[in-house]
Amino acid sequence: MTQNQDHRSLLAVFDREMRQGARPDGPGVRVERTDDLVRQVGSDHDWNGVVWSSPDLDAERADAAIAAQVAHCTERGYAEFEWKLYAHDRPADLGARLLAAGFVPDEPETLLVARVADQPVTVRLPEGVRLRTVRDEADVELMVRAHERAFGSDGSRLRRQVLTRLREDPEDFVGVVAMAGEEPVSSARMELYPGTGFAGLWGGGTAEEWRGRGVYRALIAFRAGIAAERGYRYLQVDATPDSRPILERLGFAVLGTTTPYVYRPAS
């Protein structure tokens with residue numbers, strides 16, 4: 001099998017298991033299916049949006065599906081609703097149709113997948129740095145501080161999500177913080193998706209002064225080891241331009257791009 005054939009095979013497995021066969025990604029949410037799409041819905045604090053659309057969508061059906069999601073978002077009173085568009089989704093102008101309907105694209109990310117069996121699981125950290133698993137409210141606060149240092153954004157939503165997961169569904173969630181002394185310098189999460197072969201790596205970020213020292217790679221190895229122990233076959237990441245080169249060096253395959261199109265009803 002050539003590399004391109006292997007990548008197409010991985011993408012087909014991802015589409016089938018993680019998109020068309022999507023499971024709720026946390027407590028209090030559900031997955032709804034029609035012939036043309038799959039969406040996740042929950043409270044306004046949850047992620048709400050379309051995760052899969054049929055490859056058979058034509059222009060007329062696409063416009064009808066988009067209009068139905070706008071109506072759904074408005075009726076439910078969501079502050080925002082996302083259509084997660086992948087580069088290979090059809091019709092080819094689906095992004096333009098979403099834009100015309102009032103959806104706004106965020107920055108695209110790169111979809112990368114690696115086989116767990118091919119990943120190093122030995123954790124190598126800079127001197128003076130240790131890893132701390134997120135288990136309680138104090139750990140969550142450390143994770144939020146690390147996240148805010150790495151990304152410069154407010155961590156309130158992350159705090160709510162992680163506290164809810166620890167309280168209601170801790171078995172399929174892994175949180176980890178890298179500590180330099182008493183200071184959190186990096187953090188990351190892993191979502192395990194039972195019934196699929198996939199574990200998702202999310203939120204990996206390192207404070208600027210600690211970048212380039214192997215902390216990010218150590219967090220990947222730590223989570224890969226847990227995924228291997230629990231029998232998962234693949235790791236999946238929606239990568240930013242900063243993390244993509246590191247992941248490619250670790251053997252992650254680029255399968256395409258994904259762009260979040262966000263609809264925010266007029267207040």
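1. Asp36 counts as buried because its relative accessibility is 18%, buried meaning under 20% relative accessible area, exposed over 50% and partly exposed in between (1.4 Å probe, protein chains only). Asp36 meets Arg61 in a salt bridge of 2.4 Å, N to O. The pair links distant parts of the chain, 25 residues apart: Arg61 lies in helix H2 (residues 59–76) and Asp36 in the loop between strand E1 (30–33) and strand E2 (37–41). Arg61, at 33% relative accessibility, counts as partly exposed.

2. The model is predicted, so that local features need pLDDT of at least 70 and side-chain atom pairs count only at pLDDT 80 or more, whereas totals for chains, interfaces and linings use all residues. Residues are numbered from 1 along each chain as its sequence is written, and side-chain values use heavy atoms, with hydrogens and water left out.

3. Helix H4 covers residues 137–151; helices (H or I, at least four residues) and strands (E, at least two) are DSSP runs, numbered from the N terminus. The expected span of a helix is 1.5 Å times one less than its number of residues. For the 15 residues of H4 this gives 21 Å, which agrees with the 21 Å between its end C-alpha atoms.

4. Just after the helix, Gly152 takes a positive phi of about 65°.

5. The buried residues of H4 are Asp139, Val140, Leu142, Met143, Val144, Ala146, His147 and Ala150. Their cover includes helix H5 (156–168) and the strands E7 (129–133), E8 (173–180), E9 (183–192) and E10 (198–206), where contact means heavy atoms within 4.5 Å.

6. A salt bridge is a side-chain nitrogen of Lys or Arg within 4 Å of a carboxyl oxygen of Asp or Glu, and by this rule the count comes to 20. Glu141 is partly exposed at a relative accessible area of 29%, and Arg159 is partly exposed at 25% relative accessibility.

7. Arg165 is buried, at 6% relative accessibility, and forms a salt bridge with Asp169, the closest N and O atoms being 3.2 Å apart. A network of salt bridges links Arg145, Arg149, Glu183 and Glu209.
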